[in-house]
Amino acid sequence: MDGKKLEYKGVDALKELERLTTKAGEVQQEILLKILSQNRETEYLNKYVGDSSLISSKILVSQFKNRVPVITYKDIRPYILRIANGEDSSLITSRPITEMLCSSGTSAGEPNLMPSIAEDLDRRTFLYNLIMPIMNQHVAGLSEGKAMYLYFIKAEMSTPCGLPARTVLTSYYKSTHFKHRPHDPFNDFTSPDAAILCSDSDQSMYCQLLAGLIHRRRVLRLGAVFASALLRAISFLERHWRDLCRDIRAGKLDDRITDPACRSAMSDLIGRPDPDLAGQIEEICGVGKSTPSWKGILCRLWPNVKYIEAVVTGSMSQYVPALRYYSDGKLPLICTMYASSECYFGVNMKPLSDPSDVSFTLLPNMGYFEFIPLGKNGSLLMDFEEEDEEEALPPTVLVDLVHVKLGCYYELVVTTFSGLNRYRIGDVLQVTGFHNAAPQFRFICRRNVVLSIDNDKTNEEDLHRSITAATKSLLEPRHALLVEYTSYADTSTIPGHYVIYWEIKNTNATQPPISGEVVAECCIAVEEGLDYVYRRCRTNDKSVGPLEIRVVKSGTFEKLMDLFIAQGGASINQYKTPRCVKSKAGLKLLNANVSECYFSPRDPAWIA
């Protein structure tokens, strides 16, 4: 990417945005040709287009569209593993791969590794630089205060050949693009970089909240990347506000902060003792009150905040009621951008819209975008979770960015400079409108995701496999049978956790019922069988709570079937027990029939 484009700010950024979206089709064709010209000699593309050095650019594009297949991670995984083990990047891209990005998807229980090249950081920075010019069109005075954004890095790994393997956000925060960014009054953060870059999540959280409280009257924006992270911060604040106030009153950082960089940065920030500020915070948080209410706590602690920024679409929409409670419904919930480990996609041109109405304008210079129509020509939202994702798709079925139709549903497919060719992202989108020639999409859901609390994405197959293994090893030897099960992502607690409803039947009347200790061991066995990202969220990030099994009375799932058949008009022959229950009536029935509840007694195994 042209380095000059990283300098776009303010009006220039908006002008560039208008140019890109007005010429979306032209820009997309330029991007595709540039990707193919750059990567035409790679082993992967040569397999499908042959010796591309002998053909024209026009024919190269035609061959790409007619010959290169639509793929999932399992198709590209062998190439990525070869590179991770030391083979040359030219297997899939002409540029050196500088790191592997861990996506939320998994393969064989390990994180999917997405290739990344140096220029990818330029593209991400370009998109980040568009956010504030867009926000300034809708909210005034954002340069007159600070942004309290709670950012965190995740644990890193290394591939066998030494390439860093980390999340896309960890990559960005550790890059020179972030650490050496020029001063910008529109992005003046309360948190010192040392606190953001602290690998201990508790120390990082403590320091970032302390910095935010010190600057409480200067904070104009409050947020985190995901809504779940912001709620986790509020829960942390509920537990530690007294300690934070003690630090402010004494002008001294708590000894629990042992990270040298954090101690240095925060000691400079705390300055002299401030008993007045400590007293104000104590009064707001409820000192002397037997049952303090935290409704609207965000507005009271940070009285000048104009909005909350976080991802509140998709699985994160389940946290909207909690955010509205803590803000007393007074602050807009803003979701600014649409991105993934594979590629950054677009921005929200109407940031003040309700979370349920958020749409993203895809930027045609981020990558080459194609779309799989869902239903008949994309006109219907079919039951795509019943489709076989592994079934080969004719390459010609894909629709270009500028040819999608209003109101239709599609699955996003991307081709990138870093070596992903016609890669299925797994996101289901609906076209809601256009900004100039660029379509705008509403995020509907991920394909085949049953449960999600934070970064975890557990699909039906993984859940079934882990439950089957647990019951085979722990229930069956004790003459017990799992009659039926379903699940639910419970976000009423912070952090949220997986709830699994089990109906258990004893197969030998002479044997005692299954003990609570055994069911608790089933909880941890199920967790051990879930993927790397889930186990990291549980054990390292602490962003997901212990898994819970709720044992229900005999006949509960028959009652559930009766309920859903009565509601939906399906016959008994058509009915299948849903592996995740989201309806209020269904959950009410299940919870009314719970006889016992058990939680995982320990964290599942996880190694960075």
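**Cavities and a covered strand**

A: The largest cavity has a volume of about 130 Å³. This is a predicted model, where local features need pLDDT of at least 70, side-chain atom pairs count only at pLDDT 80 or more, and totals for chains, interfaces and linings use all residues. Residues are numbered from 1 along each chain as its sequence is written, and side-chain values use heavy atoms, with hydrogens and water left out.

Q: What counts as a cavity?
A: On a 1 Å grid over the protein atoms alone, a set of points where a 1.4 Å probe fits but cannot get out; lining residues have an atom within 4 Å of a point. The volume is the space filled by probe spheres set on the points, which are joined across faces, edges and corners.

Q: Which helix gives the most to the lining of the largest one?
A: Helix H6 (residues 118-136), with three residues. Helices are DSSP runs of H or I, at least four residues, and strands are runs of E, at least two.

Q: Who else lines the largest cavity?
A: The lining residues include Ser341, Glu342, Cys343 and Tyr344.

Q: OK, strand S12: buried or exposed?
A: Six of the six residues in S12 (368-373) are buried, meaning under 20% relative accessible area with a 1.4 Å probe, protein chains only.

Q: What does S12 pair with?
A: Strand S14 (residues 409-415), antiparallel, through six bridges, and S13 (residues 399-400), also antiparallel, over two bridges. Pairing takes at least two DSSP bridges.

Q: Which residue faces glutamate 370 in S13?
A: Aspartate 400.

Terms used
On a 1 Å grid over the protein atoms alone, a cavity is a set of points where a 1.4 Å probe fits but cannot get out, and a pocket is an open set with protein on both sides within 12 Å along at least five of seven lines; lining residues have an atom within 4 Å of a point. Buried means under 20% relative accessible area, exposed over 50%, partly exposed in between (1.4 Å probe, protein chains only).
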